[in-house]
Amino acid sequence: MANIKDVVKAQEGDVFDIELEKDVLDANRKLAQENRILLKKHGIKAIDIMGAIGAGKTSLITRLVEHLKDRYRIAAFKGDLTTTIDAEMIGHHNVEVVAINTGKECHLDANLIKKALQRLNLDSINLLFIENVGNLICPAEFPLGSEKRMVVISVTEGPYMVVKHPFIFMEANVVAINKIDLARAMAVDVKELEADVKRINPKAEVVATNCRTGNGIQEVVEALGL
Ligand code: MG
């Protein structure tokens, strides 16, 4: 605590954030379970991909689509506040994409996924990638009903990226550390980031990737059990 006079710690009920009230989280969890049952009934594996803006979520999805399009019938949901830029980018790869605009919300929720699922013919697909809104805090609290949750981080986010956002890593089955080609320029040790993830969540599978070249994508496919 050098150079700091004090720390004000928000207590339960201190923060004016109505959306995070317990009943909202409970309602979301219930809807997520309904989504999970619906997806299972139609034999669809859904993967929720979370991470900051610019980490490489969209690039990872397009790489995964290239890798898997001969083995799976794929669709994608793309959450963003107001734009459809990423949704269109994924759509270039001949998969069905539903864009979800959240307005001011910083995360997708199970109700939005329920609505988006109504836009698809669920019998025509068996793999669904869900790109969450670029944010490392809010999406962690809102399960969507996906089979697996994945976090993409980039070395360009600096060396303290993982330790500063522990909650999202607790919820992750797989973590990709992306843009590893830039690690030296950023003075970031990929092994250290991996160790940070493992300290928070020993069960998470961690894969180093370069989504621009496709390095590590096969390992992500395996980590996701696809
Ligand atoms: Mg994106």
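The stops below visit a metal site and then a strand with its neighbours.

This is a predicted model, in which local features need pLDDT of at least 70, side-chain atom pairs count only at pLDDT 80 or more, and totals for chains, interfaces and linings use all residues. Residues are numbered from 1 along each chain as its sequence is written, and side-chain values use heavy atoms, with hydrogens and water left out.

**The magnesium ion.** Select the magnesium ion, then T58, D86 and E131: their atoms OG1, OD and OE are its protein donors, at 2.0 to 2.2 Å. Donors are N, O and S atoms within 2.8 Å of the metal (3.2 Å for Na, K and Ca); water is not among the atoms, so sites may look incomplete. Along the sequence the donor residues follow the spacing T-x27-D-x44-E. T58 belongs to helix α2 (residues 57-68) and E131 to strand β4 (residues 127-131), 73 residues apart. Helices (H or I, at least four residues) and strands (E, at least two) are DSSP runs, numbered from the N terminus.

**Strand β2.** Next, select residues 74-80. Are they buried or exposed? Seven of the seven residues are buried, so β2 is largely enclosed by the rest of the structure. Buried means under 20% relative accessible area, exposed over 50%, partly exposed in between (1.4 Å probe, protein chains only).
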